[in-house]
Amino acid sequence: AALTAARTTANSIYIPPKVQAQLDLQSGLLHASEEKDFKTAFSYFYEAFEQFDSVEDPCALKALKYMLMSKIMLSLPDEVTNIVSGKLALRYTGKDLEAMKAVAASAKARSLADFQNA
């Protein structure tokens, strides 16, 4: 309830992008962990990612990884490749995203051995 109130307040007054991004990231984490609502969590992670990216904050990578994990949890591992190859995510290419793609591939193959090797 407090997070919802903070988000409502943030929408009615000016909040610096980093603060708004942190609120969105926390909202996504709550939806993912408490409610297992990965679709809504993805939306919050996406908003956080865009805000962090706009101010070139390193937390953008964390939000991007949460976005990818949400897609995996929604049984949509094919979308991970689409997101990673998208315009916004290209600057974050590296071992972290390669690991997420490997996790998505193992989820798609439903292979625990592939997951452990990722």
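The largest nonpolar core of this predicted model has 26 residues, and those with the most contacts inside it are Phe49, Phe52, Leu64, Met67, Leu68, Tyr92 and Leu97. Helices α2, α3, α4, α5 and α6 each supply at least two residues of this core. Phe49, one of the residues with the most contacts there, is in contact with Ala60, Ala63, Leu64, Met67, Leu88, Ala89 and Tyr92, once its neighbours within four places in sequence are left aside.

**Overall composition**

- The protein contains seven helices and zero strands, so that from the N terminus on its elements read α-α-α-α-α-α-α.
- Of its 118 residues, 36% count as buried, while the accessible surface of the protein comes to about 7,100 Å², with 56% of that area belonging to carbon and sulfur atoms.
- Among the contacts with a separation of 6 or more, 50% are accounted for by residues 24 or more positions apart.

**Helix α3**

- The 17 residues of α3 should span 24 Å at 1.5 Å a residue, and the end C-alpha atoms of the helix are 24 Å apart, which agrees with that expectation.
- The buried residues of α3 are Phe38, Ala41, Phe42, Tyr44, Phe45, Ala48, Phe49, Phe52 and Asp53; seen down the helix axis they fall within an arc of 165°, and therefore they line one face of α3.
- On the other side of α3, Lys39 and Ser54 are exposed, and just after the helix Glu56 takes a positive phi of about 55°.

**Helix α4**

- Helix α4, covering residues 59-73, has 15 residues and reaches 21 Å from its first C-alpha to its last, close to the 21 Å expected at 1.5 Å a residue.
- Within α4, Ala60, Leu61, Ala63, Leu64, Met67, Leu68, Ser70, Lys71 and Ile72 are buried, and what covers the buried residues of this helix includes α2 (17-33), α3 (38-54), α5 (78-84) and α6 (95-109).
- Just after α4, Ser75 takes a positive phi of about 60°.

**Aromatic pairs**

- A search of the whole structure finds three aromatic pairs, one of which is formed by Phe42 and Tyr46; because their ring centres are 6.4 Å apart and their planes lie at 25°, this pair is stacked.
- Phe42 and Tyr46 are four residues apart in helix α3, which means that about one helical turn separates them; Phe42 is buried, with a relative accessible area of 16%, whereas Tyr46 is partly exposed, with a relative accessible area of 30%.
- Phe45 and Tyr66 also form a stacked pair, because their ring centres are 5.0 Å apart and their planes lie at 20°.
- Phe45 counts as buried at 2% relative accessibility, whereas Tyr66 counts as partly exposed at 30% relative accessibility.

**Lys108 in helix α6**

- Lys108 is found in helix α6 and counts as exposed because its relative accessibility is 53%, given that the cut-off for exposed residues is over 50%.
- Not counting residues up to four places away in sequence, Lys108 touches Pro77 and Asp78; Lys108 and Asp78 are 30 residues apart in sequence, and their C-alpha atoms are 7.7 Å apart in space.

Note on methods:
Residues are numbered from 1 along each chain as its sequence is written. This is a predicted model: local features need pLDDT of at least 70, side-chain atom pairs count only at pLDDT 80 or more; totals for chains, interfaces and linings use all residues. Side-chain values use heavy atoms; hydrogens and water are left out. The expected span of a helix is 1.5 Å times one less than its number of residues. Buried means under 20% relative accessible area, exposed over 50%, partly exposed in between (1.4 Å probe, protein chains only). Contact means heavy atoms within 4.5 Å. Accessible areas come from the Shrake-Rupley method with a 1.4 Å probe; for residues, only the protein chains shown count as cover. The arc is that of the directions from the helix axis to the C-beta atoms. A nonpolar core is a set of buried Ala, Val, Leu, Ile, Met, Phe, Trp, Tyr and Cys residues joined through side-chain atoms within 4.5 Å. Rings of Phe, Tyr and Trp (its six-membered ring) pair if their centres lie within 6.5 Å; planes under 30 degrees apart count as stacked, over 60 as edge-to-face and the rest as tilted.
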